[in-house]
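Work through the exercises below with the sequence and the model side by side. Each task is followed by a solution that goes step by step.

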Amino acid sequence: MAQHLLLYASRDGQTEKIAHVIASELKQCGQTVECLSLEEGTAHFNLDQYDSILIGSPIRYGHHLPEVFDFIRQHETFLNQHPSGFFSVNLTARKPEKNRPETNSYLQKFLGKITWKPGMTGVMAGSLLYSRYRWFDRVMIQLIMKITGGNTDTSKDIEYTDWDAVQQFARKYSEYLKECTVSSDGSVRRSKPVDA
Ligand SMILES: Cc1cc2nc3c(=O)[nH]c(=O)nc-3n(C[C@H](O)[C@H](O)[C@H](O)COP(=O)(O)O)c2cc1C
């Protein structure tokens, strides 16, 4: 039976929460999946035991987390020779016009910087957790929220994540996995395209 890996990085827990919801939905779809944090490092698992990989990262100050970039650079060949996906978690995606891979500039810039071509991509709204931020981050996020027309009331935490959309992404990823085949030359093919 195929073994799938879901690897995530997270600072305040939202990407972790999203990753676990995706993993649980993938299991509902009949997939065998292991959900692991990149924070624990990569020494505790063997990438070669997996048939596919899905990676999730939040955005902080305009960038996906550095450990995600490092992992992608180190495992580029594996990533390009297996069915794979990537999802980005950010606050910009709270806006409906910026919550798709084609319309989210963080994801577009990210794809332009890496040589990995994920077979499927997704963008999810994260959470605004003023109560957890350090003073500097709280002030900066409040400023970003002011500029972008978001919530500036630091007494309120808001979870913008659309859980139906997260589950839908997981179901589409499961369809994608079922449609993928890996050729003897390592290239990944799929029978029909899937829109995230
Ligand atoms: C210090 C900091 C910087 C952030 N910078 C951005 C940003 O540049 N753009 C954005 O859309 N969201 C930004 N966010 C929002 C996070 O992407 C969002 O809160 C996400 O849910 C965090 O995921 P995590 O809980 O897995 O760390 C920032 C959040 C923090 C705390």
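Two residues are in contact if their C-beta atoms, placed from the backbone, lie within 7 Å. The model is a predicted one, in which local features need pLDDT of at least 70 and side-chain atom pairs count only at pLDDT 80 or more, while totals for chains, interfaces and linings use all residues. Residues are numbered from 1 along each chain as its sequence is written.

**Exercise 1.** Determine where Cys29 lies and which residues it touches, not counting residues up to four places away in sequence.

Solution. Begin with the secondary structure, where helices (H or I, at least four residues) and strands (E, at least two) are DSSP runs numbered from the N terminus. Cys29 falls in the loop between α1 (14–28) and β2 (32–37). Next, list the contacts of Cys29 beyond four places in sequence, which are Arg171 and Ser174. Then take the C-alpha distance to Glu175, which is 8.8 Å although Cys29 and Glu175 are 146 residues apart in sequence. Finally, assign the exposure: a residue is buried if 20 or more other C-beta atoms lie within 10 Å of its own, exposed if 12 or fewer, and partly exposed in between. Cys29 counts as partly exposed because it has 16 C-beta neighbours inside 10 Å.

**Exercise 2.** Identify the buried residues of α6 and work out how they are arranged around its axis.

**Exercise 3.** Describe the burial of β5 and find its strand partners.

Solution. In strand β5 (residues 84–90), seven of seven residues are buried. Ser84, Phe86, Ser88 and Asn90 point one way, and Gly85, Phe87 and Val89 point the other way. In general, side chains in a regular strand alternate between the two faces of the sheet. For the partners, two strands pair if DSSP finds at least two bridges between them. Strand β3 (residues 52–60) pairs with β5 in the parallel sense over six bridges, and Leu54 has Gly85 as its bridge partner in β5. Six bridges also join β5 to strand β6 (residues 120–125), again in parallel, with Met120 as the partner of Gly85 in β6.

Note on methods
The arc is that of the directions from the helix axis to the C-beta atoms.
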